[in-house]
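Subject: Structure handover

Hello,

I am passing this structure on to you. Please have it open while you read the notes below.

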Amino acid sequence: MTNESNTNYDTVFGKMAVEQGLCTPEELRRCIDEVDNRRAKNPVLLKDLMVEKGFVTASQVNRLHNAIREAKVATATHQIPGYQVLGKIGAGAMAVVYKARQLSLNRIVAIKVLPKRFTENKDYVERFYKEGQAAGKLNHPHIVQAVDVGEAGGYHYFVMEYVEGKTLYEDIAAGKIFGEKEALDIIIQVAEALRHAHSMGLIHRDVKPKNIMINKEGIVKLADMGLARETTDIEAAKTEKGKAYGTPYYISPEQIRGEMDINGRADIYGLGATFYHLVTGRVPYMADDPVEVMKKHLRDELVPPDHINTTLSAGVSEVIEVMMAKNKADRYSNVDELLVDLKAVRAGQAPVLAHKRIDVSALGQLEDGEAVEASAKVDYEQAISRYKTAILILAAASVFLLLIIILLLFR
Ligand SMILES: Nc1ncnc2c1ncn2[C@@H]1O[C@H](COP(=O)(O)OP(=O)(O)OP(=O)(O)O)[C@@H](O)[C@H]1O
Ligand SMILES: [Mg+2]
């Protein structure tokens, strides 16, 4: 940061601190004078000096800092040609989402504005446009439609269909535990969305309750489809310890391991973890630290959902367990397979494929058991034949000895 931009930032920061009643104009003036005096030999930022003097707390500084950042983003958003911004809808760990009017078609849309640091990563920007274009080709009632991508005032933005409703996360956060049927209805709609995306070669990579919306008519919409992720997400989560990136409660083991060939089975895992949370009220693996959560995804045995919520059917529990198998080869091969079981369970039947998978592994164990039995039999027969040989040798030796005795006696 240059001195000039420091000064600009300080001016905005000081002004907002006074406006919000965190310090008096007189206290601010004293601090600004000290910042000026120290500039040559012992430079200090106004915000740090104000904390040092006890005029503001560190958390107040953080809040002001975020407010300034959002104000900057809002200014940039107001400059997006073709759109009239109407207000902020929400903010995730990284981006801010606005409600806006698309002037050409006179319709309401949502615009997601990404942080500036994304723009500095050429590789990311390339993927952002590539995935955005791929998402533009999708057309499905359960996918939040991608409308446009672009850049304004140094910020990249993603324009999408506006969903008037709520995210699944809001219900979960309010303590709702979903009944089996309601959860199945939601999960099936998301699975239909994923089937369409996967058939067009797009993997979501971030299926979770915050990215599943329910509109006013009760229709489920999968959000953020085609929004490129940072390749360094995992590293970022590790270093930031969840402060800025959210805790990875729904991420697949292969994504944690940083595998390159992520396929649709990663989305099946994320959807399985979401399903688990809906029907049990708990995330599958819980820890204070994101790194610990990730380790649990890799190593810990999953507590079957019907052990937590005993009203669940064995079938639904089996389906979730297969969706969340640590080894992707043990999961459903694709969403078509998953849908067969989801629909069977919804119709009150046993899941066909989950059963088969469990049967196959049981068969494996059975075959192993037979092999053990067979090899025991082989050992037994060998022992008998060894025993028989020993008896024959002994008998032959006795006969031989008897012959010698007889010969000696009758000589
Ligand atoms: N298309 C949309 N229509 C209406 N509201 C939306 C839309 N997309 C996102 N939102 C709202 O904006 C909020 C922020 O979305 P964003 O994708 O930035 O973060 P998130 O998915 O909630 O969390 P995270 O950043 O941890 O992934 C959402 O929680 C949702 O309430
Ligand atoms: Mg989102």
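Axes here are lines fitted to C-alpha atoms, for helices over the stretch in contact, and angles run from 0 to 180 degrees between N-to-C directions. Helices (H or I, at least four residues) and strands (E, at least two) are DSSP runs, numbered from the N terminus.

This is a predicted model, in which local features need pLDDT of at least 70 and side-chain atom pairs count only at pLDDT 80 or more, while totals for chains, interfaces and linings use all residues. Residues are numbered from 1 along each chain as its sequence is written, and chains are lettered from A and ligands numbered from 1 in the order in which they are written.

Helix packing

Helix H14 (residues 314–323) packs on H15 with the axes 10 Å apart and an angle of about 165 degrees. The two helices are therefore roughly antiparallel (an angle over 145 degrees; under 35 is roughly parallel, 65 to 115 roughly perpendicular, and the rest oblique). H14 crosses H15 in the left-handed sense (the near helix is turned anticlockwise from the far one by less than a right angle; clockwise would be right-handed). Gly-315, Val-316, Val-319 and Met-323 of H14 make the contact with Leu-338, Asp-341, Leu-342 and Val-345 of H15, where contact means C-beta atoms, placed from the backbone, within 7 Å. This contact of H14 with H15 has 6 nonpolar, 1 polar and 1 charged residues (Ala, Val, Leu, Ile, Met, Phe, Trp, Tyr, Cys and Pro count as nonpolar, Asp, Glu, Lys and Arg as charged, and the others, Gly among them, as polar).

H15 (residues 335–346) also packs with helix H8 (residues 180–199), at an angle of about 160 degrees and with axes 10 Å apart. That makes H8 roughly antiparallel to H15, and their crossing is left-handed. By class, the contact of H8 with H15 has 10 nonpolar, 1 polar and 4 charged residues.

H8 has another partner in helix H11 (residues 264–280): the axes come within 10 Å and cross at roughly 165 degrees. H8 is thus roughly antiparallel to H11, with a right-handed crossing. On the H8 side the contact includes Ala-183, Ile-187 and Leu-194, and on the H11 side it includes Leu-271 and Phe-275. The residues of this contact divide into 9 nonpolar, 2 polar and 2 charged.

Ligand 1

Where does ligand 1 lie? Domain 2 (72–161) and domain 3 (165–367) both give residues to its shell, so ligand 1 lies between them; the domain bounds come from an automatic or database domain assignment. Of the 21 residues around ligand 1, those that come nearest are Gly-90, Gly-92, Val-97, Ala-110 and Lys-210. A residue counts as near if its C-beta atom, placed from the backbone, lies within 6 Å. By class, the shell has 12 nonpolar, 5 polar and 4 charged residues. Strands E1 (83–91), E3 (107–113) and E5 (155–161) each supply at least two residues of the shell, and E1 gives the most, with 3 residues.

Regards

How values were computed: Contact = placed C-beta atoms within 7 Å.
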